[in-house]
Amino acid sequence: MFFCSGGACGRGDCRKRIISSGKANILCEGINSFLTKQAGLRTDIPAETVKLYAKQVFRLPRAVLEERFHLEGNEGAIYAFTGYPTAGVIGKAGIWTGKETLALITGGFLDQLAEKRMSPYELLERTKRHPLIQRLLKDAEPIEYAAHMIPKGGFKMIPQLYDHHLLIAGDAATMVSGRRGTDLAMLSGKMAGETILQAHAKGDFSQKILATYGWKINQSFFIADIKKKRGTDKYVAKYQDSDYLISRAMNEFGSEFFHVGMSTEEDKMKKIYQELKQIQLPLKSFEDVWQALRHWEVL
């Protein structure tokens, strides 16, 4: 059994070399998928179907984390942000706690970042300057940086998942649905392992037998979610300003609605409506919200 964690395999007949490495091979090499591509199971991955994130990790004492994030025992916290961190690019920022660490990420679609000349590192620094983030990171010691690309092409970008002696799992198989990726990678790996055990019992690692893996994937709960989001790529291409506009409108609405003043509820709603009209044409706002309800992946 052969597990690949990434890297090109060089020249020559890749598929033959993979097969010769074992009776059954699971390629789980991540988004770059060099071996999967050279084995003829997938094509190039377009930049508009890839998200790129930068991450910085900080160290904070556990007692400080528990006080700052209102935690007890082994509890953790995750905050998600949209709008401000990546204004003009569909993406997000997030911060989550470890036992004695904080991780901050920011990023968005690779083609939009390139087109608008934004680097994930610059977006990360921009996010850190927000007053709320500054409070959460106060006195935290930076200890490392990292970056990661995630396949967000959805159902149409899922490659051929099996061939003679070969199975594809994880990001290499585009097993990503919304904010779910790591767990789906593990589940697809589990299904691949189960399929190989069945093939081993039969002594047959042909495409016909390994097709069971494709059937397992197609019967899974998460493939139904991936199929449901198959039109998200068109939304991303057409509504690149939606994250910023919708999050801004929600902030304006919430701020005014929960403000305690001397206005009647009717006057307050009129003021909210007038403020929202100043953001953009009401008809476009309605269309943005409608499309977002169908496709928005805020987290």
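**Close-up views of a predicted model**

**View 1. Strand β6 and its partners.** Strand β5 (residues 91-97) pairs with β6 in the antiparallel sense over 7 bridges. Two strands pair if DSSP finds at least two bridges between them. Helices (H or I, at least four residues) and strands (E, at least two) are DSSP runs, numbered from the N terminus. A hairpin of 3 residues joins β5 to β6. I95 has L104 as its bridge partner in β6. Strand β3 (residues 50-59) also pairs with β6 in the antiparallel sense, over 9 bridges. Here K55 stands opposite I105. Strand β6 (residues 101-109) is mostly covered, with 8 of its 9 residues buried. Buried means under 20% relative accessible area, exposed over 50%, partly exposed in between (1.4 Å probe, protein chains only).

This is a predicted model: local features need pLDDT of at least 70, side-chain atom pairs count only at pLDDT 80 or more, and totals for chains, interfaces and linings use all residues. Residues are numbered from 1 along each chain as its sequence is written, and side-chain values use heavy atoms, with hydrogens and water left out.

**View 2. The largest nonpolar core.** A nonpolar core is a set of buried Ala, Val, Leu, Ile, Met, Phe, Trp, Tyr and Cys residues joined through side-chain atoms within 4.5 Å. The largest one has 28 residues. M175, Y213, I217 and F222 touch the most other members. Two or more residues each come from β2 (25-27), β9 (166-168), α7 (182-202), α8 (207-218) and α9 (221-228). Helix α7 gives the most, with 5 residues. F222 touches M175, L184, L187, M191 and I217, not counting residues up to four places away in sequence. A second, separate core holds 17 residues, including A93, I95, L102 and L136.

**View 3. V236 in helix α10.** V236 lies in α10 (residues 232-238). V236 is buried, at a relative accessible area of 7%. Neighbours within four places in sequence aside, V236 is in contact (heavy atoms within 4.5 Å) with I90, F109 and Q112. V236 and A292 are 56 residues apart in sequence and 10.0 Å apart in space, C-alpha to C-alpha.

**View 4. The whole protein, for context.** The protein has 13 helices and 9 strands. Its C-alpha atoms fill a box of roughly 80 × 50 × 35 Å, taken along the principal axes. Of its 299 residues, 41% count as buried. Among contacts with a separation of 6 or more, 67% join residues 24 or more positions apart.
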